[in-house]
Amino acid sequence: MKTARTDVGADAAALAPLQSFLCQFWSDAGLPDAERFPFELALEEVFMNVVMHGSTGLSDVRVQVTLNADDHRQVEMVIRDGGNLFDPLHAPVPDTDAPIEERTVGGLGIHLVITLMDEVRYSADDGHNCLTVRKHLAA
Amino acid sequence: MNVTHDTAQKTTTLHAIGRLDFEAAGGFQKDLEASVSSAAAAGNAVLIDCSALEYVSSAGLRVFLVGARAAKAASVPFAVYALTASVKEVFDVSGFGRIIDVLADRAGALEKVGRGA
């Protein structure tokens, strides 16, 4: 069992340090590099959503990231932020069949995360957004 | 992320190396748009070699979309090739393979844009 937690401001400049935090956890927990991608993607998509949209009209929004890996390669990441309350799991699903002229990437990030993870849960917890992603890594 | 360029056989190739995340997306978009516009002037095709592209997020996907649209508007043949497993997964889930020509290797991509041997 391995756990790590960090806390950063909702600023795009914190994306690289957050990814380093994830990488460090991954190697400390002895997890395979080839299976890190869905977590890197989820971290960027969820964090950047808070930076771009969740902090509108607010100052000093904090984002806390907690990583957990058990002894059976079950990895869980919890991203908790004090931004505007927003449940991304109820956002409209993007039309991935639309022609090129009508395509946007709005909503695509969370759609990718939902598809690549085993489980994604949202809760509004004490005025904070709390998004939990979980995946059982291949042996 | 690093990008190197080469031009041969009436084709400009951008070799995308590293991570195309939110941070890298703005620079890559400028680079790709400039490449498409020079290619249009020279009558060249544009290819993106993704063999060393390790990571792409939705911010990075947006750049592929903008580039493909600019190429289409300028009648520049455009394709991407040699996607790594993670990048291919993102393209598949997003349905980008239906709006952008994705080829397994350079030979296939050259053929697709009409520069085949």
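A:D33 is exposed, with a relative accessible area of 55%, whereas A:R36 counts as buried at 16% relative accessibility; here buried means under 20% relative accessible area, exposed over 50% and partly exposed in between, with a 1.4 Å probe and protein chains only. The side chains of A:D33 and A:R36 meet in a salt bridge at 3.1 Å, N to O, a salt bridge being a side-chain nitrogen of Lys or Arg within 4 Å of a carboxyl oxygen of Asp or Glu. This is a predicted model, in which local features need pLDDT of at least 70 and side-chain atom pairs count only at pLDDT 80 or more, while totals for chains, interfaces and linings use all residues. Residues are numbered from 1 along each chain as its sequence is written, chains are lettered from A and ligands numbered from 1 in the order in which they are written, and side-chain values use heavy atoms, with hydrogens and water left out.

**Salt bridges**

- Over all chains the count comes to 11 salt bridges, and three salt bridges are found across the interface of chain B and chain A.
- A:D97 of chain A forms a salt bridge with B:R98 of chain B, with the closest N and O atoms 2.9 Å apart.
- The side chains of A:D125 and A:R80 meet in a salt bridge at 2.6 Å, N to O. This pair links distant parts of the chain, 45 residues apart, with A:D125 in strand β4 (residues 119-125) of chain A and A:R80 in strand β3 of chain A; helices (H or I, at least four residues) and strands (E, at least two) are DSSP runs, numbered from the N terminus.
- A:D125 is partly exposed, with a relative accessible area of 33%, and A:R80 is also partly exposed, with a relative accessible area of 22%.
- In chain B, B:K112 forms a salt bridge with B:D101, the closest N and O atoms being 4.0 Å apart. B:K112 lies in helix α4 (residues 106-112) of chain B and B:D101 in the loop between α3 and β5 of chain B, so the pair ties together parts that are 11 residues apart in sequence.
- Salt bridges that share partners join A:D33, A:R36, A:E40 and B:R19 into one network.

**The interface of the two chains**

- The contact, meaning heavy atoms within 4.5 Å, takes 27 residues from chain A and 24 residues from chain B.
- Chain B and chain A bury about 2,100 Å² between them, 62% of it on carbon and sulfur atoms, where buried area is the accessible area (1.4 Å probe) that two parts lose on being put together, summed over both. Of the area that chain B buries against chain A, B:F22, B:Y55 and B:V93 supply 26%, more than any other three residues.

**Helix α3 of chain B**

- In helix α3 (residues 85-94) of chain B, the residues B:S86, B:V87, B:V90, B:F91, B:V93 and B:S94 are buried.
- The buried residues of α3(B) pack against elements of both chains, namely α2 (37-54) and α3 (108-116) of chain A and β3 (45-56), α2 (58-73), β4 (78-81) and β5 (102-103) of chain B.
- After α3(B) comes B:G95, whose phi is positive, near 70°.

**Pockets**

- About 740 Å³ of space lies in the largest pocket, which is lined by 33 residues, with A:E45, A:M48, A:N49, A:M52 and A:H53 nearest its centre.
- α2(A) gives the most to the lining of the largest pocket, with nine residues.
- The second largest pocket has a volume of about 180 Å³, and the residues that line this pocket are A:D33, A:A34, A:R36, A:F37, A:E40, B:R19, B:E54, B:Y55 and B:S86.
- A pocket is found on a 1 Å grid over the protein atoms alone, as an open set of points where a 1.4 Å probe fits, with protein on both sides within 12 Å along at least five of seven lines, and lining residues have an atom within 4 Å of a point.

**Positive phi outside glycine**

- A:D60 has a positive phi of about 55° although it is not a glycine; A:D60 sits in the loop between α2 and β2 (62-69) of chain A and counts as exposed at 74% relative accessibility.
- B:K10, likewise not a glycine, has a positive phi of about 55°; B:K10 is placed in the loop between β1 (2-8) and β2 (11-20) of chain B and is partly exposed, with a relative accessible area of 47%.

How values were computed:
Grid points are joined across faces, edges and corners, and a volume is the space filled by probe spheres set on the points.
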